Every structure is written in structure tokens, then in C-alpha cells.
Amino acid sequence: MKQTILLGALLVALIGLVALPWFAPYFYIFIVTEILIMGLFAASFNLVFGYTGMLSFGHAAFFGVGCYATAMTLLHLKWPFLYCLVLSVGAGALLALVIGFFSVRLNEVYFAMLTLAFGMMVFSVAHHWRSVTNGSDGIAGFTLGDFGLGLDLTLGNPAVYYHVVLVFVVVAAAVLYLIGRSSFGMILQAIRQNPERVAFCGLNVRSYRLAAFTLGGAFAGLAGGLMAPFLRVASPEMLHWSTSAEPVLMSILGGTGYFLGPFVGSAMFILLETWITSITQAWMLFLGIVLALMVMFFRRGLLGTFLDWWLERK
Amino acid sequence: MQLLKPARLLMTLVAVTGLAGAPAWADDDPIRIGAIYILSGSAANYGKFAQQGIQLAIDEINQDGGVMGRDLEVITEDSQGKASVAIQAARKLVYQDQADVLMGLDSSGVAQGLVPVMPELKKPLIITHAATPDVTGKLCNAYTYRISNNVAQNMKAAAIIAGETGAKRWTTIGPDYAFGHQSWEFFGKALKEANPDVELMSDTAFPRFGAEDFTPFINGVMAAKPDGVLISVWGGDLVNFVRQANNLGFFEQDMEIMFTVGAATEVLSALGEQMPEGVWLSTRYWYDGFDNDVNKRFVSAYIDRYGVPPSYNAEGAYAAVYAYKKAIESAGSTDGDKLAQTLSGMSLDAPNGTIAFRAGDHQALVGPNWGKSGPMNEKHGIRTLADLRILDGEKVSRTIEETGCQL
């Protein structure tokens with residue numbers, strides 16, 4: 001029964017998202033586009049954190065590299081957008097494979113520090129390699145051409161781009177969900193709960209962690225690739241550790257225990273930011289208060305706390 | 001019963017004027033100006049001066065009956081000096097707040113990011129401060145205008161003055177983004193063209209924008225022993241830079257020193273006597289340099305209201321509001337496309353003289369102001385500019401072909 005209600009709610013939400021441009025104020029197309037992309041970024045982070053139990057502080061590196069990959073290919077090579085995205089996914093995965101190779105062998109705070117260090121190295125390269133990345137100004141001024149596959153889409157139209165993002169994010173989220181439900185995903189969750197026991201079962205924990213980390217990087221790369229045409233600029237800030245903190249905060253706000261938690265967290269984060277900054281400049285202060293209250297009283301996040309309560313109710 | 005007749009007449013009159021007036025009421029809605037400036041961080045003071053300039057212009061215009069009978073109103077957003085933030089702010093201003101026109105931008109990096117988005121927003125943008133040549137060059141478009149001078153103009157002027165000093169070996173200290181790098185590039189090119197025997201040193205210093213410690217960069221430049229240094233550090237960074245350079249004896253060296261935006265009154269008030277005497281300072285507009293009625297009225301109104309002389313950022317913002325007033329009145333409309341067309345080639349009387357947006361690239365041909373820091377102006381608490389030179393805007397501007405702009 002409750003399963004059906006949940007599925008129904010999800011379907012209604014999806015229909016609402018598809019129909020958004022026809023009923024919401026125009027500005028909210030931008031807000032929801034950002035929520036979707038950041039939600040995917042946070043969900044890719046949650047594969048590493050919520051499922052596998054690795055707290056990475058360098059996840060923005062893959063997001064940012066994806067964004068640069070799409071921005072630079074659009075600027076210099078003018079590829080169709082779909083191919084740019086494929087490149088972004090590849091770039092995110094490759095970078096995650098390299099960084100993960102060195103990082104997943106460590107645990108807890110050492111893993112967090114190492115990912116932070118690698119993330120800041122990538123940031124430094126983008127910030128200083130002016131001839132390639134245009135330094136602190138980043139890559140801007142690229143134009144959107146074709147989508148690819150012979151589809152005739154005007155990507156420059158915000159409503160069209162919103163639907164493109166929606167399709168990509170829903171498909172990517174479905175894939176991420178299936179990965180989490182697969183036997184591979186089960187092993188990742190087992191690793192979070194008890195890595196020794198998984199190792200004693202004869203499984204190579206390090207390989208599984210590296211695989212999860214690389215997958216997370218690939219999806220973060222996709223989110224970054226989707227972000228480039230939305231922001232119209234790929235800048236080093238997107239690789240900075242403060243950007244790495246955003247999916248952490250979103251996952252905690254929404255709840256790491258349920259698949260859709262990071263998406264709900266992304267919506268909370270961006271809506272609160274939009275509303276609060278239109279009243280006061282001190283948005284970070286309010287975010288801090290909300291976050292402190294969430295961690296103290298609703299440790300399972302907004303979605304997690306609600307679902308826990310609702311599913312247990314007889 | 002007779003008494004009712006005039007009452008009924010009155011009622012009818014009210015009803016008729018009410019009905020006729022209904023569409024006119026919609027037009028009583030204020031005309032909204034969306035402004036994007038840096039309002040936080042080390043250059044926040046620039047945003048504050050710009051806001052003051054806008055408010056002064058709007059209050060003057062509204063007291064005078066507004067624009068086509070409608071009041072002006074401003075909504076300001078913080079760019080935080082980041083292109084992505086500014087692009088989101090512009091979308092919010094246009095789609096959420098229903099801004100009719102946009103203005104502002106302090107940073108070259110922000111301008112390079114936002115300008116390519118303007119054709120989608122379909123609203124005119126007058127840049128009042130950001131100086132990268134690209135936005136009225138290879139990135140130019142039908143909606144983007146600039147009322148303040150750009151790096152190419154100011155560096156051409158700097159090269160003329162640098163050539164006169166006779167200094168041969170030049171280096172630079174500038175912020176590590178578009179502005180610092182392009183200042184050096186355009187200065188070097190113009191200087192080399194006029195004086196082929198000068199040496200552009202490879203030892204240059206580009207500290208991060210917002211860096212607090214400039215000591216290593218200052219020491220590095222002193223150790224390289226140049227004859228001249230071009231300094232494009234600006235904002236709160238420039239205040240920190242000059243204080244630290246004083247401590248290290250930078251200004252006692254035998255070097256020509258040129259600050260490309262050193263005569264910003266925001267910086268001069270913060271530094272007071274700490275700004276050394278006898279260095280070259282430039283600004284887009286010097287409040288004491290223009291003997292015309294518009295300037296006299298602007299400067300005295302500004303000082304009366306805010307107690308300090310207007311900076312170039314205040315002047316650019318003030319002038320841009322009047323440019324929009326003139327454009328809306330000549331177009332007879334607030335339609336974005338019509339306004340963008342009207343601005344092209346339009347001229348107006350600004351505090352820094354009669355200026356016009358060149359039709360070929362939408363850049364105002366305004367002359368940079370250069371002078372040597374002189375004795376303190378005790379009343380205003382800032383250095384005066386001695387030997388003030390206002391270079392000819394036409395002469396220091398690139399040709400349309402050189403800009404690479406295709407409209």
C-alpha cells in the first residue's frame with residue numbers, strides 16, 4: 001500500500017517537473033534546472049558517501065572537470081552537445097580513477113584529507129594554467145550548437161534546456177538507483193557497515209571502493225557537463241573545496257539513507273539560498289543555523305526523517 | 001432631486017476618467033533598472049559608490065517628473081566578483097524582478113562571462129566599470145554598451161605617458177585575472193609600438209585578486225630593478241598593496257610608478273597620506289577635472305548628500321542612469337530591442353563631457369584621466385592630482401577593425 005503511494009507521489013512529482021515551464025514563473029525554470037543538476041552531483045557523491053561510507057572532500061574536482069570538458073569542447077571544437085557530455089563523463093571517470101587509485105587505500109579522516117589535497121591540486125592547475133584554462137576567469141563565451149543525433153533542439157532556450165537536463169538527470173538517477181539496488185550496490189553498503197567482514201568473505205574491498213569512487217566521478221562529470229551551458233562559464237571556483245562541500249551539505253540536508261535524499265537536499269539548499277539572499281546577504285549564517293538544527297534533531301535529513309516516521313506508522 | 005444632478009455628473013465623470021485612466025495606471029509602474037555590482041569582499045566599497053551614484057541620479061530624475069511620466073527604480077544584486085553569480089543575478093533581475101534595463105559590472109572576468117548571455121535576455125546592458133576590451137571587441141553584441149573607458153584606451157594613454165618618462169625597462173604587478181593580464185598586454189603593445197627600444201621584462205607579478213599579502217611580489221619586483229612599474233592592482237587590494245609597499249621602501253626606489261586605477265577615490269580616502277606623492281595615478285573620471293555645468297551640479301550634489309567626492313564608479317553609474325533616461329525618451333518605449341538600437345551612436349552630456357556610444361562597437365570614447373599624486377586635499381581627506389591630463393578619447397581608442405567587433 002505504502003509502496004503504491006510512494007510510487008504515485010514520485011509519478012506526480014515527475015509529471016509536475018515535466019510540466020513546470022507551463023505553470024511556474026519563468027525564473028523558476030532556472031532554479032529547478034540548477035536543483036536538478038546539483039541534485040545529480042549530490043547523488044553521485046552519495047554513492048561514495050551514503051552507500052560506500054567514504055567521505056570525500058574532493059568531489060568537486062570531477063564536477064569541475066566535467067564542466068571544463070564541455071565548455072572547452074564547445075569553445076574550441078564546437079562539437080554537438082551530446083558528444084561533449086560523453087567526454088565530460090569520461091573525464092570525470094578518468095580523473096576519479098587516478099585520484100581514487102591513491103585515495104581509497106586510506107580510511108576515515110586520511111581518505112578525506114587525501115581527496116581534499118587532490119581536489120585542491122586540480123583547482124590549482126585550473127587556476128594557474130592561464131594559456132589553457134584561462135586562469136581565474138575560466139572558460140566563457142562559448143556558444144551552444146546542435147544537440148547531436150540529428151535532434152533539432154534550441155539549447156539556448158532555457159525551457160528547452162531545462163527539459164534536456166530533466167531527461168539526463170532522470171535517466172542518470174535511474175541508473176544510479178539500479179546500481180545501488182544491484183548486488184554490486186549491496187556489497188558497497190556492506191563495505192560501509194563492516195569492511196573487515198566483506199574482506200573475510202573473499203571480496204577485494206579496495207577494488208570495490210575504487211569502482212564506486214570512479215562511478216561517482218563519472219556521474220559528477222555528467223553533472224558538470226550539464227552545468228556548463230547553464231552557467232555559461234566554467235570557472236576554477238567549481239573545482240574549489242567549497243564546491244566539494246555543497247554535495248556534502250545537500251546529502252545531509254536531504255538525508256543520505258534514501259536514494260532521493262540528495263535531490264531533496266539540493267532543492268532545499270538552492271531554494272533557501274534563493275529566498276534568503278533576496279532578503280539578506282547573510283545567507284551562510286542561516287544555512288549554518290538550519291544545518292545545525294538538522295544535525296541535532298533530524299540526523300536522517302528531511303526526506304529520511306519523514307520517510308522513517310511515515311513508513312513505521314501503522 | 002435637483003441636487004442629485006451635479007452629484008450624478010460627478011459620478012459619471014469619475015467613472016469615465018477612471019476607465020480612461022486604467023491603462024495609464026499600468027504605465028505608472030516604475031521603470032526598473034537592474035544593477036549588478038560587487039557588494040561584498042575587498043572591493044565592496046566600489047559597489048557602494050555605484051549605488052550612491054545611481055540613487056542620486058534616480059532621485060534627481062524622479063523629482064523632475066521621471067521618465068515619460070514614470071518613476072525610475074533600481075534593484076541591485078551582488079556579483080561577488082564571480083561570473084556565474086552575475087549571470088544568475090542578471091536572469092533573476094530580468095525574469096523575476098522584471099527589470100527593463102541592466103547596468104553595472106566591476107570586474108573584467110564577470111563581464112566576459114555575462115556579456116555573451118545578453119542576447120538571450122534581450123535587455124540592454126550598460127557596463128559602467130569593468131574594463132576588458134573584449135566586451136566591446138570580439139565578444140561585442142547588440143545589447144552591450146560601455147560608458148566607462150576600457151583597458152585598451154587607458155593603456156594607450158599610459159603608454160604615451162610612460163614613453164615621456166624615458167624609463168626603458170618595464171614590468172607589472174597586477175591581479176591574476178583578465179584585468180591584470182590584459183592591462184600588461186595592451187600597455188606593452190602600445191609602448192613597444194611607440195618606443196621600439198623599451199624592454200618589457202619577463203619578471204612580472206600577478207598576485208591573486210583578493211590576496212592579502214603582497215610582500216613577496218613587492219620584493220620580487222624591487223629585486224629585478226626595473227625603470228618603471230605598471231600597477232593594475234585595484235580596490236581593497238590596492239589599499240593593502242600601498243601600505244605594504246610603504247613599509248618595504250618600494251616608493252623610495254628610483255622607478256617610475258604608474259597606478260592604472262590608482263585615483264579611485266575609494267582607495268584614496270582609505271589611504272589618505274599613505275598614498276605617496278609623485279606617483280602616476282589614473283582614473284576613468286576625476287571629479288575635479290571637468291569644468292562643465294553637469295559636472296559642477298553632480299559633484300556638489302554628491303558631496304552634499306554623501307560627504308565625500310564622487311569616485312569614477314559613482315560617476316559611471318550616475319551617467320548610465322541618465323543615458324537610459326535619454327534612450328527611453330527618444331525611443332518612446334522601454335522595449336529592450338528598441339532601447340538597444342537607440343543607444344547605438346547616442347550621445348549625452350555626462351559629468352566628464354559630451355560622450356557618445358560608438359556605433360561600431362558600443363564603446364564610449366571617453367578619455368582616461370592621468371595625473372601625479374599631489375599634496376593632500378585636507379577638506380576631502382585625499383590626495384590631489386597634479387599635472388592632470390585628460391587624454392583625447394578618440395585618439396586613444398582602437399579603430400573598429402582593431403577591436404574585432406562585428407555588429
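Reader: Hi! Which residues lie nearest the centre of the second largest pocket?
Author: Hello! In this predicted model, Leu10(A), Tyr177(A), Phe259(A), Leu260(A) and Leu303(A) lie nearest the centre of that pocket, out of 35 residues that line it.

Reader: Nice. How much space lies in the second largest pocket?
Author: About 1400 Å³.

Reader: Where does the largest share of the lining come from?
Author: From H1(A), which gives 9 residues to the lining of the second largest pocket.

Reader: Okay, and what classes of residue does the lining of the second largest pocket have?
Author: There are 27 nonpolar residues, along with 6 polar and 2 charged ones.

Reader: Switching topic: how many salt bridges are there over all chains?
Author: The count comes to 16.

Reader: Could you walk me through some? What does Arg32(B) meet in a salt bridge?
Author: Its partner is Glu73(B), with N to O at 3.3 Å. The two come from distant parts of the chain: Arg32(B) belongs to strand E1 (residues 31–37) of chain B and Glu73(B) to strand E2 (residues 72–78) of chain B, 41 residues apart.

Reader: Is Arg32(B) buried or exposed, and why?
Author: Arg32(B) is buried, because its relative accessible area is 19% and the cut-off for buried is under 20%. Glu73(B) has 31%, so Glu73(B) is partly exposed.

Reader: What about Asp197(B), which residue does that one form a salt bridge with?
Author: With Lys168(B); their closest N and O atoms are 3.2 Å apart. Asp197(B) sits in the loop between helix H7 (178–194) and strand E7 (199–200) of chain B, while Lys168(B) sits in the loop between helix H6 (151–165) and strand E6 (169–173) of chain B, so the pair ties together parts that are 29 residues apart in sequence. Asp197(B) counts as exposed at 51% relative accessibility, and Lys168(B) counts as partly exposed at 36%.

Reader: And which residue does Arg169(B) pair with in a salt bridge?
Author: Glu199(B), where the closest N and O atoms are 3.1 Å apart. Arg169(B) is in strand E6 of chain B and Glu199(B) is in strand E7 of chain B, so this pair ties together parts 30 residues apart in sequence. Arg169(B), at 28% relative accessibility, counts as partly exposed, and Glu199(B), at 36%, counts as partly exposed too.

Reader: Last one: which residues do salt bridges with shared partners join into one network?
Author: Asp29(B), Arg32(B) and Glu73(B).

Key:
Residues are numbered from 1 along each chain as its sequence is written. Chains are lettered from A and ligands numbered from 1 in the order in which they are written. This is a predicted model: local features need pLDDT of at least 70, side-chain atom pairs count only at pLDDT 80 or more; totals for chains, interfaces and linings use all residues. Side-chain values use heavy atoms; hydrogens and water are left out. On a 1 Å grid over the protein atoms alone, a cavity is a set of points where a 1.4 Å probe fits but cannot get out, and a pocket is an open set with protein on both sides within 12 Å along at least five of seven lines; lining residues have an atom within 4 Å of a point. Grid points are joined across faces, edges and corners, and a volume is the space filled by probe spheres set on the points. Helices (H or I, at least four residues) and strands (E, at least two) are DSSP runs, numbered from the N terminus. Ala, Val, Leu, Ile, Met, Phe, Trp, Tyr, Cys and Pro count as nonpolar, Asp, Glu, Lys and Arg as charged, and the others, Gly among them, as polar. A salt bridge is a side-chain nitrogen of Lys or Arg within 4 Å of a carboxyl oxygen of Asp or Glu. Buried means under 20% relative accessible area, exposed over 50%, partly exposed in between (1.4 Å probe, protein chains only).
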